[in-house]
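Subject: Structure for you to look at

Hello,

Here is the structure I promised to pass on. Please open it next to this message, and my notes follow below.

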Amino acid sequence: MNLSELSENTAPSKEEVYHTLLRSLRRRKGFGIVFVQCSPAEAAKLIQDIQKDLPQKQVGNLKFDEPIDNLYDLVAELPDREDLNIVFIEGLEKSLEPYIKPGYGGDGDYYNLDTVPTILGHLNQRREIFRDHFKNICFVFFLPLFAVKYIIRRAPDFYDWSAGVFEFTTEADIQKEDLAQYKRVGFQYRRQKQYDQAIEVYQQALLISREMGDLRNEVDILDSLGAAHFRLRQYEDAIRFYQQSLIIAQDIKDREGESNALYFIGDSYYYLGQYEQAIKFTQQSLALARELNNYQGESIALHNIGFAYYNLKQYPQAIECFQKSLTIKQEIDNPQSESVTLNSLGRVHNTLGQDKQAINYYRKQLDVAYKIDSHKTRNTTTMNALRCLGNTCERLGNYEEAISYYDKALEISLDNYWVWFDKARILSRMGRSEEAISSYEKVLEIKPDHSISHHSRALALAGIGCYEESIQGFRKAIELRPDNATSWMCLGGSLRSLRRYEESLACFDKAAELEYAWKAFELSGRVIPLLRLGRFKEAFISGYKFLLVFKAEWGVREWVERRVAVTLTRLGLQKLVPVWTKFLQLIGWRVKDW
């Protein structure tokens with residue numbers, strides 16, 4: 001306690017501190033500032049006791065549940081202000097909490113900020129006005145320890161006018177306050193997505209909770225550590241903390257905490273790709289959710305189990321889980337969550353090739369989306385459903401219908417580059433190249449680094465003979481993704497069309513160095529440049545190697561047969577066409593008479 005009435009070597013009891021405070025307030029006449037260090041609950045009791053023990057004093061009270069910037073005006077508006085002797089101030093710490101940063105042992109960087117909280121700047125700058133305009137009032141601030149320290153460091157001018165600090169906190173109280181403060185700061189860091197900093201703070205909170213033997217707080221902090229590691233995609237670490245939380249929750253019979261830990265262990269295993277383990281733990285969480293009548297938790301657990309089954313390609317089990325989850329979500333009237341499950345059911349049926357059933361679920365999702373209260377979430381969900389409908393119609397070959405869904409999505413927002421990309425892709429398939437190019441350009445206005453759109457736009461330009469522009473597009477796509485063999489192949493094709501054979505050949509050679517799905521097509525791409533350059537032997541070898549590795553399922557054999565025959569004729573080598581035909585017959589290809 002910071003009081004002259006008591007010896008510095010004395011450890012006064014709370015009763016002694018209270019009587020000293022009471023004596024100070026009884027003697028005080030006129031303006032004054034007093035700080036009382038205590039918990040909010042203790043503040044309420046102290047105010048009651050002071051009013052009872054000092055009936056001769058006229059008392060006012062200001063209690064804040066939200067941050068404030070200006071205390072002067074609030075005091076000035078108090079009724080009968082001229083008659084008041086004491087004004088109790090509670091909750092001023094709410095105005096300091098947003099500025100708090102963590103440190104160690106209550107110090108470190110905890111209070112060393114470059115900026116002063118607005119309320120403290122206000123108190124520092126207006127202390128003379130408080131004294132001159134409120135000459136009859138003694139201000140008593142009830143504050144937790146961190147707020148007192150904050151004022152001492154960041155509002156020293158205001159603090160210097162005080163009678164000191166009356167301390168009503170024990171060591172246990174300080175530990176509880178430090179723990180609460182670390183948890184608050186950790187939560188702020190998580191909300192700001194500063195997960196490394198959150199972990200650092202929660203580790204300090206964990207030490208304090210273990211020193212106190214506070215098992216319930218320990219469960220909460222371990223869960224928070226797990227959540228922060230999960231957000232950093234450090235799933236093994238997340239599992240480690242959730243497992244610690246699970247053991248303690250089971251020991252203290254915290255069934256809700258147990259269910260929560262099991263759920264997140266399952267979720268972490270899911271993101272590790274260990275789907276059997278994910279199902280095992282999430283099913284345990286599901287059983288507890290049912291026991292606790294936690295319908296929301298039950299529906300979410302069922303949905304997650306469904307996705308694990310989906311990734312294991314156990315589609316009937318996935319559909320069963322999604323259907324059960326959907327039923328619960330419909331019963332508890334949660335349209336946002338319901339729309340997610342409808343989308344998942346659509347996805348499973350898409351995977352099974354049951355596109356009509358998928359469309360049915362996506363349309364239901366669209367209907368549900370309109371019931372969502374949040375405007376932002378409603379729009380996001382609506383666009384998701386419209387895009388899924390468009391994609392499914394595209395797979396069915398219903399291109400016009402697909403475009404109509406994409407256009408409806410774009411009515412909601414013109415800034416969704418994926419919708420523009422989907423629309424451009426269909427327009428390309430329909431042979432509407434100019435419109436496709438325009439849509440790809442919309443994508444690139446929104447997301448200039450979208451390499452696929454640079455590639456696809458270039459492909460559409462090449463399709464209408466704009467080879468120079470297509471070359472620029474392919475080069476940009478390659479700049480963004482140098483390992484994209486397809487872009488190197490297509491660049492080689494455009495250069496070949498402009499008879500830039502050496503450059504074209506270099507592109508096909510580069511593609512040959514890279515691994516990609518259409519491996520060996522660079523061999524066929526090399527044939528024409530080599531023929532044009534008069535390197536007939538190399539052309540023959542490349543063509544021969546290509547034919548040996550060519551796969552029938554690629555579905556372009558007839559195109560290869562016809563393309564080579566036509567090219568030989570254009571080159572004036574029509575005498576070689578029968579040789580080509582005979583060769584294909586020898587290696588077992590079906591051959592048409594060209």
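Predicted model: local features only at pLDDT ≥ 70, side-chain atom pairs only at ≥ 80, totals over all residues.

Helices (H or I, at least four residues) and strands (E, at least two) are DSSP runs, numbered from the N terminus.

Residues are numbered from 1 along each chain as its sequence is written, and side-chain values use heavy atoms, with hydrogens and water left out.

The mean pLDDT (the predictor's confidence in each residue, from 0 to 100) is 86 for the chain, and 88% of its residues reach 70 or more. Over residues 1-8 the pLDDT is below 50, and this stretch has 18 contacts (heavy atoms within 4.5 Å) beyond near neighbours in sequence. Residues 103-111 also stay under 50, with 25 contacts beyond four places in sequence.

Next, two helix pairs. Two packed helices are described by the angle between their axes and the distance between the axes. Axes are lines fitted to C-alpha atoms, for helices over the stretch in contact, and angles run from 0 to 180 degrees between N-to-C directions.

The axes of α24 (residues 485-497) and α25 (residues 501-513) come within 8 Å and cross at roughly 165°. That makes α24 roughly antiparallel to α25; angles over 145 degrees count as roughly antiparallel, under 35 as roughly parallel, 65 to 115 as roughly perpendicular and the rest as oblique.

Helices α13 (residues 275-291) and α14 (residues 295-311) pack at about 160°, with their axes 9 Å apart. These two are therefore roughly antiparallel to each other. On the α13 side the contact is made by Y275, I279, T282, Q283, L286, A289 and R290, and on the α14 side by G297, E298, A301, L302, N304, I305, A308, Y309 and N311.

Regards
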